[in-house]
Amino acid sequence: QAAEKEGYEHFMIKEIHEQPKGVSETLLRRLDKEDHIVLDGIKLTKEDLDKINKIYIVACGTAYHAGLVGRYAIEKFAKIPVEVDVASEFRYRDPFVDENTLFIAISQSGETLDTLAALREAKRKGARILSIVNVVGSSVARESDDVFYTWAGPEIAVASTKAYTTQLVAMYLVALHMAMTKGTLSQEEYKKIMAELKSMPEKVQRVLNNCDTIQHLADHQFNNESVFYMGRGVDVNVAHEGSLKLKEISYINSFAIAAGELKHGTIALIEDGTLVVALATQDKLYDKMLSNIQEVRARGAYVVGVAKEGNKEIEKTADVVLYIPDTMDELTPILSVIPLQLLAYYIAVARGCDVDKPKNLAKSVTVE
Ligand code: G6P
């Protein structure tokens, strides 16, 4: 296995660095010469979509976090109501599913038992099944009506990284495809979003080029007993993924909240030196996030901000700022998750953890 690490210390960091390629493959394999989305084998006609009055996105772990961004993209672009659920809850709560429901399963392995059971339950109730899967021919893929394969390549590290970013790309493409089929986006808007999506591999690479800064930060911040992640809008979804990465591999007690909820509990836990990772990438929510950062700073928190290049105001309130290249608000998750993955990785390494094989966790959970 050492050879397969290609000089990297762990599979996880190798896979983090493979993301420009995964994002690019997942995207470009689905575009024709005119940048139209081609979903071979996925037949979601205008007639089909007009029939669908509800979408469920169901998954576990990191794939569930990709689903949260998926909801945001589908509701925003295609204007169809979406619910997102963890598979272990969906399968037991007798959800309202019928033949007008589209069920989207997201799974890297395609073998997660809860996801598969939820899919079967939705199918039994008559839903149409679309899955977003990385492993070709896996159980989830085989039991779905339509499959969108991500092109992450094999993911070995238990903590998922490149599968997540490719799942995001898949979700954006599905959302845009639905929007264009239904006519909820203009050609002009589509072109703008597509041009941005196509710039993602290069922008992800630019974030990766900054990994020394993040390593340096981790070398000073690895001793925390708890870490909080917060954000607003689509940033909350990324905060959840960043928090999961950290707890999975470093065993630090971390959790994520919507920054607006700070005052309803979490602020009671902030004390001198508490590490808070604050995502502030959303232009329309930027000022609100700066106030939230001030609130935790006033109670002694050490704040690592994540913001778009050019939004420098945050430097006045955060202790450290990790910048991502400028992009439209809707697409920031593909970029903002990268510094969080790197931070989790370098903190875990600094704590001497077995990064690729964290205790008690499995790459694929095939039991209940
Ligand atoms: C396990 C893995 C996670 C993964 C989750 C769902 O918990 O450790 O990294 O996100 O399963 O796996 P799936 O293969 O269905 O995406």
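Here is a short walk through this protein, from its overall form down to single residues. The model is a predicted one: local features need pLDDT of at least 70, side-chain atom pairs count only at pLDDT 80 or more, and totals for chains, interfaces and linings use all residues. Residues are numbered from 1 along each chain as its sequence is written.

Let's begin with the whole chain. The protein has 14 helices and 10 strands; these are DSSP runs numbered from the N terminus, with helices (H or I) of at least four residues and strands (E) of at least two. Its radius of gyration is 20 Å, close to the 21 Å that the globule rule gives for 368 residues, so the protein is as compact as a globular protein of that length. That radius is taken over C-alpha atoms, and the rule is 2.2 Å times the number of residues to the power 0.38.

Now look inside. Of the 368 residues, 52% count as buried, where buried means that 20 or more other C-beta atoms, placed from the backbone, lie within 10 Å of the residue's own. In general, nonpolar side chains tend to be buried together in soluble globular proteins. Here the largest nonpolar core has 122 residues, and Ile 104 is one of those that touch the most other members. Such a core is a set of buried Ala, Val, Leu, Ile, Met, Phe, Trp, Tyr and Cys residues joined through C-beta atoms within 7 Å. Leaving out residues up to four places away in sequence, Ile 104 touches Ile 55, Tyr 56, Ile 57, Gly 70, Leu 130 and Ile 132; contact means that the C-beta atoms, placed from the backbone, lie within 7 Å.

Val 84 counts as buried because it has 22 C-beta neighbours inside 10 Å. Beyond its neighbours within four places in sequence, Val 84 is in contact with Ile 57, Gly 67, Leu 68 and Arg 71.

Next, find helix α2 (residues 19-28), whose buried residues are Gln 19, Pro 20, Gly 22, Val 23, Thr 26 and Leu 27. They cover an arc of only 165° around the axis, which puts them on the same side of α2; the arc is that of the directions from the helix axis to the C-beta atoms. Among the elements these residues pack against are α1 (11-17) and α14 (333-350).

Note on methods: A residue is buried if 20 or more other C-beta atoms lie within 10 Å of its own, exposed if 12 or fewer, and partly exposed in between; C-beta atoms are placed from the backbone. Two residues are in contact if their C-beta atoms, placed from the backbone, lie within 7 Å.
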